[in-house]
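Please examine the charged side chains of the model shown here. A short exchange about their pairing comes after it.

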Amino acid sequence: DKEFVLVAVGHHGTAIEHAADFLRRDKEVVLQAIKANCKAVNCAMPFVADHQCLLQLVRALGKQATDNESDQELLLKAVQHNGNCLQFGTHEFRRDKEIALAAVRTT
């Protein structure tokens with residue numbers, strides 16, 4: 001049940017690792033988990049984040065972010081904090097040399 005998982009990950013972000021795969025890909029569940037514990041990104045399943053999701057992701061990781069920043073800039077900020085955030089980028093951004101190198105450095 002999604003509501004149950006939202007409550008659980010709200011208290012203990014890494015509880016997401018025990019959720020069903022479809023919930024580990026759910027943007028709302030993933031963001032709630034990361035807000036509770038930024039290490040939850042390591043337990044999430046890959047999905048392509050839209051602009052609002054990337055913005056919330058960066059903020060959940062404790063970084064400053066504005067609506068004016070591009071998706072590429074937001075993803076770069078996220079991977080500079082945790083390389084596993086690369087999984088939330090588009091194929092194009094995952095192939096970007098600067099983003100990929102930043103992800104490798106923080107994985």
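This is a predicted model: local features need pLDDT of at least 70, side-chain atom pairs count only at pLDDT 80 or more; totals for chains, interfaces and linings use all residues.

Modeller: Residues are numbered from 1 along each chain as its sequence is written, and side-chain values use heavy atoms, with hydrogens and water left out.

Colleague: How many salt bridges does a search of the whole structure find?

Modeller: A salt bridge is a side-chain nitrogen of Lys or Arg within 4 Å of a carboxyl oxygen of Asp or Glu. One of them joins Lys77 to Glu69, with the closest N and O atoms 2.8 Å apart. Over the whole structure, the search finds five.

Colleague: How many residues apart in sequence are the parts that Lys2 and Asp26 tie together?

Modeller: The closest N and O atoms of the salt bridge between Lys2 and Asp26 are 3.1 Å apart. Lys2 lies in helix α1 (residues 2–11) and Asp26 in the loop between α2 (21–24) and α3 (27–36), so the separation in sequence is 24 residues.

Colleague: Which side chain of opposite charge is nearest to Asp96?

Modeller: Asp96 sits in the loop between α6 (91–94) and α7 (97–105). A polar atom of its side chain lies 3.0 Å from the backbone nitrogen of Ile99. Asp96 is buried yet has no salt bridge, where buried means under 20% relative accessible area (1.4 Å probe, protein chains only). At 9.8 Å, the nearest side chain of opposite charge is that of Arg95.

Technical notes
Helices (H or I, at least four residues) and strands (E, at least two) are DSSP runs, numbered from the N terminus. Buried means under 20% relative accessible area, exposed over 50%, partly exposed in between (1.4 Å probe, protein chains only). Lys and Arg count as positive and Asp and Glu as negative; His and the chain ends are not counted. A polar contact is a pair of N or O atoms within 3.5 Å; within protein, one must be able to donate a hydrogen and the other to accept it, and residues adjacent in sequence count only if both atoms are side-chain atoms.
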